[in-house]
There are 4 protein chains.
Amino acid sequence: MLVFDSDYTDGAHPLVLKALVDSNKEILGTYTLDKYCKEASKKIKKACNKKNAKIYFTVGGTQTNSIVIGSILKSYQGVISVNTGHINLHEAGAIEHDGHKVLALEGKDGKLEANVLKTYLEGFYQDESFEHMVFPGLVYISYPTEYGTLYSKEELSAIKQVCNEYHLPLFIDGARLAYALGVENSLSLADIANSCDVFYIGGTKCGALCGEAIVFTNTKLCDHFFTCIKQKGALLAKGRLLGVQFNALFTDNLYINIGKQSVLKAKLLKDGLKAKGYKFFIDSPTNLIFVIVKNTKIEEIKDKISFSVWQEYDSEHKVIRLATSHGTRVDAIDAALKLL
Amino acid sequence: MLVFDSDYTDGAHPLVLKALVDSNKEILGTYTLDKYCKEASKKIKKACNKKNAKIYFTVGGTQTNSIVIGSILKSYQGVISVNTGHINLHEAGAIEHDGHKVLALEGKDGKLEANVLKTYLEGFYQDESFEHMVFPGLVYISYPTEYGTLYSKEELSAIKQVCNEYHLPLFIDGARLAYALGVENSLSLADIANSCDVFYIGGTKCGALCGEAIVFTNTKLCDHFFTCIKQKGALLAKGRLLGVQFNALFTDNLYINIGKQSVLKAKLLKDGLKAKGYKFFIDSPTNLIFVIVKNTKIEEIKDKISFSVWQEYDSEHKVIRLATSHGTRVDAIDAALKLL
Amino acid sequence: MLVFDSDYTDGAHPLVLKALVDSNKEILGTYTLDKYCKEASKKIKKACNKKNAKIYFTVGGTQTNSIVIGSILKSYQGVISVNTGHINLHEAGAIEHDGHKVLALEGKDGKLEANVLKTYLEGFYQDESFEHMVFPGLVYISYPTEYGTLYSKEELSAIKQVCNEYHLPLFIDGARLAYALGVENSLSLADIANSCDVFYIGGTKCGALCGEAIVFTNTKLCDHFFTCIKQKGALLAKGRLLGVQFNALFTDNLYINIGKQSVLKAKLLKDGLKAKGYKFFIDSPTNLIFVIVKNTKIEEIKDKISFSVWQEYDSEHKVIRLATSHGTRVDAIDAALKLL
Amino acid sequence: MLVFDSDYTDGAHPLVLKALVDSNKEILGTYTLDKYCKEASKKIKKACNKKNAKIYFTVGGTQTNSIVIGSILKSYQGVISVNTGHINLHEAGAIEHDGHKVLALEGKDGKLEANVLKTYLEGFYQDESFEHMVFPGLVYISYPTEYGTLYSKEELSAIKQVCNEYHLPLFIDGARLAYALGVENSLSLADIANSCDVFYIGGTKCGALCGEAIVFTNTKLCDHFFTCIKQKGALLAKGRLLGVQFNALFTDNLYINIGKQSVLKAKLLKDGLKAKGYKFFIDSPTNLIFVIVKNTKIEEIKDKISFSVWQEYDSEHKVIRLATSHGTRVDAIDAALKLL
C-alpha cells in the first residue's frame, strides 16, 4: 500500500527519535518545566527573533486551538474563521464545547481576505441588534491553510491591520508550519511572529511524534496560561516528551529542513501528475496536493494507494488530497505516478 | 411616535393583566407547582390534543431555546438550524455558550427545506471524516419564522420524515406562535403538536408580560427537565406569574384571538402599503411585514415612526420590518400609512 | 393551610401591582431600555449614594448569581463561598454548568469569616501545586445569609480588606436584601454599596412578582454585561416588567418598608415561639426563623401549616424554617402559634 | 540531586522506548486506529478477562478524567469523589470547566467508604429540595488513591453495591494502577475490571512517556466516545505513540513488573526510614510514601533531595511525599536514607 493520505502516518524524524533515546535516562523536571523545554523555548524565541515571547508546549492541534482561543475570548465573544477553517469543520465542535461560536466567513482557497473581514466587522457594528449577537473577539487563520495555500506578507499585513483597527488579536494555526517555511521565498518564522499576537508551531504533522509549541508574542494574552493548559488536560506530566522533540526540531534547522524536503517531494509528485495531464483543484505550494481524479480511476487504485477523498468535483470526478512528509520515499512517488 | 418596531412594546393583554390582578392576593405554590400552572397545563394539553404531553413554563425565548436544546443534545452533538434562525443570529451565542454548535444550513424565506436537510445529513455520514465533526443531534425550526413565514402541513411533514429517518428530534420555536395560529386556514395547535417532538408556545411576544410554555410531546426527551430549568436560572420562584398568564391565554381562545387580531391589523397595514405602491421583501402572512423603503424616506420619517431596519436592499433602499400586536391601534396604522 | 414555608408564596405587593396596572397601556422601550428601567436605575443609584454605579435588571436569583459570577471570573478561576451558600447547594450546579468551581469554605451561622477566608488564601498560594488548582477569582456572600443572619459593618469591612489584599472582587447576593434593610440599626443600602464591588437587590422574594436589580459599584467588572445577560437568556423582551416593579419598590421607601413589616411579623412569631418554650437553631434577626421542633409535633401539624424542613437536629427533633413576607397576616401568625 | 518527588521524572521504561524505536519506520494508521493500538487493545482485554470491553487511548490523566466523566454525566448531574480526589483538588477545575460539580465527600486515607456514600445518597433523595440540587450521576474513586492506599475487594464490592442500588456507574482512576497491581496479594486487573463500569490504566506515571488506556466494561457508557475524545483535543493524530507503548507495557507482564519493582523499592525506602525512627502519616503499600519530617530537617536537605511537601503536620513537622518508579536506583535510596 502506498500511503499518501496524511503527513502523520510516519513515526518521528530520525533525529527527533534519537533525541528521545539519548535523553531517556535523564531524570528531569516535570510539567514542561524541564531543561529541554527551556532550551527549546530559547531556540524558538531566537528563531522568531522575539526574545520576550512566551512559549508553551502542548500535545496536539485541536487541543491547542481550543486552549488558545478559549483563554483569550471573553464569554460573550466568538472567534472569526473562514468556513473551511479546521476549527470550524474538523475539530468536533471543540470551540463550541468550550462556549464560543465560530463566526465563519467565506474564504478563498482556504484563506481569509482582509476586505471580507473588514466588511463583516463594519456590518456587525452597524447592525442595530449587535448587542444581541456574538461579538467578534479574535481572528483565527491557518498557515498553511487546510488547502495547503499560503498568505503573502502583504495579505497577512492587511489582515493584521483590520484586526488592529477593531482591537482583535490575530491567532495563526501553524499545525503544518514547517511546510510553509520550507517553500522557497516564503515568509520566515520571524515574519510570522511579527504578523500576529499568538501562533503555534506544529510538531505532530511536521516530524515529531506529537507536540505543538505555542508562541505568544503579545504576552498580555497569556495570563495564567499554564493553569489553562492544565485545566484542559493538555499539560504533560512528562513534559520532557515535548521539550526534547522541539529542542531537536530547532537544532541545526531541522524543522525547516523537514519542511523543505517534504515540499520538494510534493513538487515531484505534482510535476509528475501535471505531466500525465491531471488538473489541480487548487494551486498549493506546500506538501498537500489537491488533484482532480476520475471516479473510475479512484475505484481502480484505491486498494493500492491511500489518499483523502476531499469532495465531489463533478458527477464523474472527485478531488483527492495527497500529502507528503519527511518519511515519503521517492520510490513511493514513482510508484504512485505509475498507478495514477 | 408611532411604534411598529416589535410586538413587545405593549404591556399585557387586558385579560392577562386582569388575571394577574385577580389572583394576586392568593397564597400559592412556588416554582411553577401552583394551581394556575397546573390548570394552564391542562388547557394547553387539551388544545394540543395530547393528554400525555409534559408542559413546563419558562420566562423568555432565548432561555427556552437554550434549555431545550442543551438538555436534549449530547456533548458531541449540535443543532441544525437555517442560517437566519434566531438561535444562530440573535441569541448572543447562547447555544454555543452551552457547549453546542449551531449547524447552520441555507434557508429559504426563513424556512428549512426538507431536501436541504436531507442532503446535508446524507453528506455528513458520507464524509470520511464525520467522526471528527459535530454530529447533528436535533433539528430546530421556528414557526412562524423570523421572516414571518409559515410552513405548510406538507412541508412540516417532509421535515419530520427526514428527522425520523436520521433519528433526530424536531424542535419548533413558537415565540410568535399566536400569529401563526391566527392566520386563516393555517395549522392548528394540535397539528403543531403532532408534527414535532417538542415546541414552545410563546407568551412574551403574544400578549403576556413574559413567559413561554414548553410542550414535550415526546416525553422521553424531558428527563429531569425541572432541574435543567433550575440550573439555567429559568425557574421562577413565583411561578404563578407564568401559570396565571398562560391560564388566561388559554381561556376562551384568547391566545388565538390575539393572533387573529394582530394578523388582521398587519393585513390592513400591508394592504395600505401595497395600495401606495410599496414592494415587499418577503410575503409574510403573519404579523411581521418586511417592506422595501427608500433611504431618503427612512430619513424623513424615522423620528415619527419606529421600525426595525432589517437589511440593505440596494444602494437606495433598505428593508424595514414593521410588527403589529394585540395593542396596535387602527388609528396608528392609518397614521403610519400617511407617513410612509 | 397556614403558609410559612417561603417568602414567595404571595403575589406582588399591592403598590407594585398597581404600578404594573397603571403602566400597562403605555407603549414602551424593550429589553430594559424603557423609561421605567431608567427611572428605577436613577432611584437605586440615589438610594445607594453611588451616582456612577451601573444598574442591570434580571429576572431571578440563580440566574443573577450565574451571570454575575460567570462574567467576572476568568476560565481558570472559581468563586469562594461558604458551604451553605445558595450557589453551592441550591442552584442545581448553575455555577459549575457555567464552567466554574465553587470553592466552599466552612461558614459560621451562614456567614463567611474574614480570618477563614484569609487562611484559605494564604494556604492556596503557599501550596506548591497551586498552579494545578482552581484560582480564587471572586468572593460571594449573601446578605442576609441563607440562615437569615447579617454581617456587621466590621465583619463586612474585614472581608473586603482580605479581598483587596488578594485583588478579589466581592459580590453580595441580596436576594432577601429588604429583610436586612428592615432590621433596626442595620446597614443601609449605601453601606452595602460601599462594602463590595457588585451586589443585587432582590425583588422576587421582597414584594415583586419577579426581578432582581444588579448594582455594579466597580464598573470595571461589567464589560458588555448587557450581552452577557442576553446570552444567559435573562434579558426580558418586555423589560418594563422589571423597571415598573423596581420603580415602585424604590418609590416612597416601599422596599425598606416591606422589609420592616416582614421583620416585625417574624419577631411576633419568634416571640410567641419563645414564650412557648421553643429553642432556635440560629438567632436570625430577619424574616427567616429556624426553630427546633419535635418530630411528633411535625407529624401532628404538617397538614395544617407549611414550612421547610431544614435539617435533622437530633433523633427526636428537626430544624424547620418559617418565613414571613409582605403578605403574612397577623391572624395567620396567631393561628400558627396556636398550632405549634 | 536525589529525585523522589514524583513517578514521572524518568523517561520511558527501556522496553517501551525500544518499542518506539523499533516501530518508528513503519507507516501506520492514524488517530489510534493503527495496528499497535489494536494489538494493545486485544492484550488489555485479555488481561482484564473482558473480551467485550471497549478500549480507548488518551494522553494524560486529567484529560482522561474529564472526557470520561463529561461524556457519562448528563447536564444536571455531578460526580461524587472524596474531597482528596485528584479531580477535586489538582486538576485545575477541569470537571467544572466541563460543566459539572464535583460532589465531594469526606474520605478516609484517601478512600471513599461505602457507608459514607450510602448516607449521602439517602440524604440527597430525602432532602425536600433535591430537585434544586446537583444530582449524583457517577462515582469516581482512584486506585491507588492519592495517598497510595488501596481498596480491598470487599471495600470495592461494597461501593459497587451502593452504586448499583442508585443506578450510578463507578469509574476508577488508575493513573498509578501498576503500583497497585504490583503489591503482593492485591487485586488483579480482572478484579478491577469486574468491580466497575469504566476505569483507566495509567501509562504516564507507570513507565510510558505518556498515555492512558480507558477500559469500558459497561459499553453502554461509551456512545460516540471517539468523537468525545476528539472534541476534548485528546485524539492523537499519531495515535501509534500510544498503541506502541501500551503494546509494550502489556507484553510479557511488563506493566505489572514495573509496578512490582517500584513497590519493592518503596518498601526498601520505607523500611530504612522506619529503622531510623521516622513515623508515617499514612500506611501506603504502593510506591508513594508519606513521612513526617521535622521542618529543620527539611531545610537542611531540600537542596540535595527533591520531594513533595504534602501538608503541615504540626508547627514543627511537615508531611512529605516520596515516590519511587521504574527508574529509581537502589543507590539513590541508600543516599536518600543517609540524608534523611
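Which residues of H11(B) are buried?

Modeller: A quick word on the ground rules. This is a predicted model, where local features need pLDDT of at least 70, side-chain atom pairs count only at pLDDT 80 or more, and totals for chains, interfaces and linings use all residues. Residues are numbered from 1 along each chain as its sequence is written, while chains are lettered from A and ligands numbered from 1 in the order in which they are written.

Now your helix. The buried residues of H11(B) are Arg240(B), Leu241(B), Leu242(B), Gly243(B), Val244(B), Gln245(B), Phe246(B), Asn247(B), Ala248(B) and Leu249(B). "Buried" means that 20 or more other C-beta atoms lie within 10 Å of a residue's own (exposed is 12 or fewer, partly exposed is in between, and C-beta atoms are placed from the backbone). H11(B) runs over residues 240-249, and ten of its ten residues are buried, so it is mostly covered. The names come from DSSP runs, numbered from the N terminus: helices are H or I with at least four residues, and strands are E with at least two.

What do those residues pack against? In chain B, the buried residues of H11(B) pack against helix H1 (14-23), helix H2 (35-48), strand E2 (54-58), strand E8 (212-216) and helix H12 (254-275). Contact here has a cut-off: the C-beta atoms of the two residues, placed from the backbone, lie within 7 Å.

Tyr143(B) and Pro144(B) are joined by a cis peptide bond with omega of about -5°, and Pro144(B) sits in the loop between strand E5 (135-142) and helix H7 (153-165) of chain B. Chain D has a cis bond from Tyr143(D) to Pro144(D), with omega near -5°. Most residues other than glycine have a negative phi, and most peptide bonds are trans.

Phi brings us to chain A. Asp252(A) is not a glycine, yet its phi is positive, about 55°. Asp252(A) lies in the loop between helix H11 (240-249) and H12 of chain A, and it is exposed, with 10 other C-beta atoms within 10 Å. Asn185(A) also has a positive phi, about 60°, without being a glycine. Its place is the loop between helix H8 (177-181) and helix H9 (189-195) of chain A, and with 5 C-beta neighbours inside 10 Å it counts as exposed.

Where they touch, 18 residues of domain 1 of chain A are in contact with 20 residues of domain 2 of chain A. On the domain 1 side, helix H12 (254-275) and strand E9 (288-294) of chain A each supply at least two residues. H12(A) gives the largest share of that side, eight residues. By class, that side has ten nonpolar, six polar and two charged residues. Here Ala, Val, Leu, Ile, Met, Phe, Trp, Tyr, Cys and Pro count as nonpolar, Asp, Glu, Lys and Arg as charged, and the others, Gly among them, as polar.

Last, back to chain B and its partner. The contact takes 39 residues from chain C and 39 residues from chain B. On the side of chain C that touches chain B, helix H1 (14-23), helix H3 (61-72), helix H5 (94-97) and helix H10 (225-231) of chain C each supply at least two residues. That side divides into 16 nonpolar, 16 polar and seven charged residues. And 100% of the interface residues of chain C are also interface residues in chain B, so the copies meet through the same surface.
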